[in-house]
Amino acid sequence: MAVAAGLSQSYTYLKYRNIVSKLLSEGKVSGISQSEALLEYTKLNESRMNRLDKKIVVPEDFIKRLLALKHKYIWLVISEGWCGDAAQLTPVFNKLASLSENIELRMVFRDENDGLMNAFLSNGARSIPKLVVLDADTNEVRTSWGPRPKGAAEFIRSYKEQYGQIDETAKTELHLWYTHDKGLSTQSELIELMEELEVALYSKR
């Protein structure tokens, strides 16, 4: 039911971007909480996403592997405009989905979809972005990914272990990690995830 409700409130990537931009033009942010800090994060994220939408490159080998997918899927992504990780990752999701006729990307706002978010917690936390892979024919949940690629997750884990909290320095260094990685870790992990899913689906038939 949570997935069905989420799908009914989902948007295309372009519509999601437009909603966040419109809110920003009104001095607002997506989600329940409103603050100057979240507003500044959202402004920064707009710039990041505009840049990433233009500059993300998918290696030829990754494209071939994407095109080899046989089943049809929906990538239902839980996100918010103020989330730094989402700003770095959702353009990657969109780029990959745009290259495959078998993947449809749909975006939902976390704070508007409590049931969906609570079904896909990360270690008990409402961490985003979360990418839920659905069978396009049945809307059955196949698997999920997120909220960060392994390298970024390990950096955050290590920083928190060393300093006890995630501060602005950690956030700055995390975004530097994303910049140097150029979305390749996320691309690799998602394509591998989809390939493993395809093998699992075929083995049942």
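The second largest pocket of this predicted model has a volume of about 250 Å³, where a pocket is an open set of points on a 1 Å grid over the protein atoms alone, at which a 1.4 Å probe fits and which has protein on both sides within 12 Å along at least five of seven lines. The volume is the space filled by probe spheres set on the points, with grid points joined across faces, edges and corners. Its lining, made up of residues with an atom within 4 Å of a point, comprises 17 residues, and Leu 52, Ile 56, Thr 179, Lys 182 and Gly 183 lie nearest the centre. At least two lining residues come from each of α3, α5, α8 and α9 (184-203), helices being DSSP runs of H or I with at least four residues and strands runs of E with at least two, numbered from the N terminus. With four residues, α8 gives the most to this lining. By class, nine of the lining residues of the second largest pocket are nonpolar, four polar and four charged, with Ala, Val, Leu, Ile, Met, Phe, Trp, Tyr, Cys and Pro taken as nonpolar, Asp, Glu, Lys and Arg as charged, and the others, Gly among them, as polar.

The largest pocket holds about 870 Å³ of space and is lined by 30 residues, of which Asp 85, Arg 148, Ile 156, Ile 166 and Leu 174 are nearest its centre. The elements that contribute two or more residues to this lining are α3 (36-55), α5 (84-99), α7 (150-163) and α8 (168-181), and the largest share, six residues, is supplied by α8. The lining of the largest pocket divides into 13 nonpolar, eight polar and nine charged residues.

Strand β1 (residues 73-79) pairs with β2 in the parallel sense over seven bridges, two strands being taken to pair if DSSP finds at least two bridges between them. Within this pairing, Met 107 in β2 stands opposite Val 77. β1 is also joined to strand β3 (residues 130-135) by six bridges, and these two strands run antiparallel; here Asp 135 in β3 is the bridge partner of Tyr 73. Together, β1, α5 and β2 form a right-handed β-α-β unit, that is, with the strands pointing away from the viewer, the path from the first strand over the helix to the second runs clockwise.

Strand β2 (residues 103-109) is largely enclosed by the rest of the structure, because six of its seven residues are buried.

In the loop between α5 and β2 lies Asn 102, which is buried because its relative accessible area is 14%. A polar atom of the Asn 102 side chain lies 2.7 Å from the backbone oxygen of Leu 69. Glu 26, placed in the loop between α2 (13-25) and α3, counts as partly exposed because its relative accessibility is 39%. The side chains of Glu 26 and Lys 22 are joined by a polar contact of 2.6 Å, a term for a pair of N or O atoms within 3.5 Å of which, within protein, one must be able to donate a hydrogen and the other to accept it, residues adjacent in sequence counting only if both atoms are side-chain atoms.

Residues are numbered from 1 along each chain as its sequence is written, and side-chain values use heavy atoms, with hydrogens and water left out. As the model is predicted, local features need pLDDT of at least 70 and side-chain atom pairs count only at pLDDT 80 or more, whereas totals for chains, interfaces and linings use all residues.

Definitions and conventions. Buried means under 20% relative accessible area, exposed over 50%, partly exposed in between (1.4 Å probe, protein chains only).
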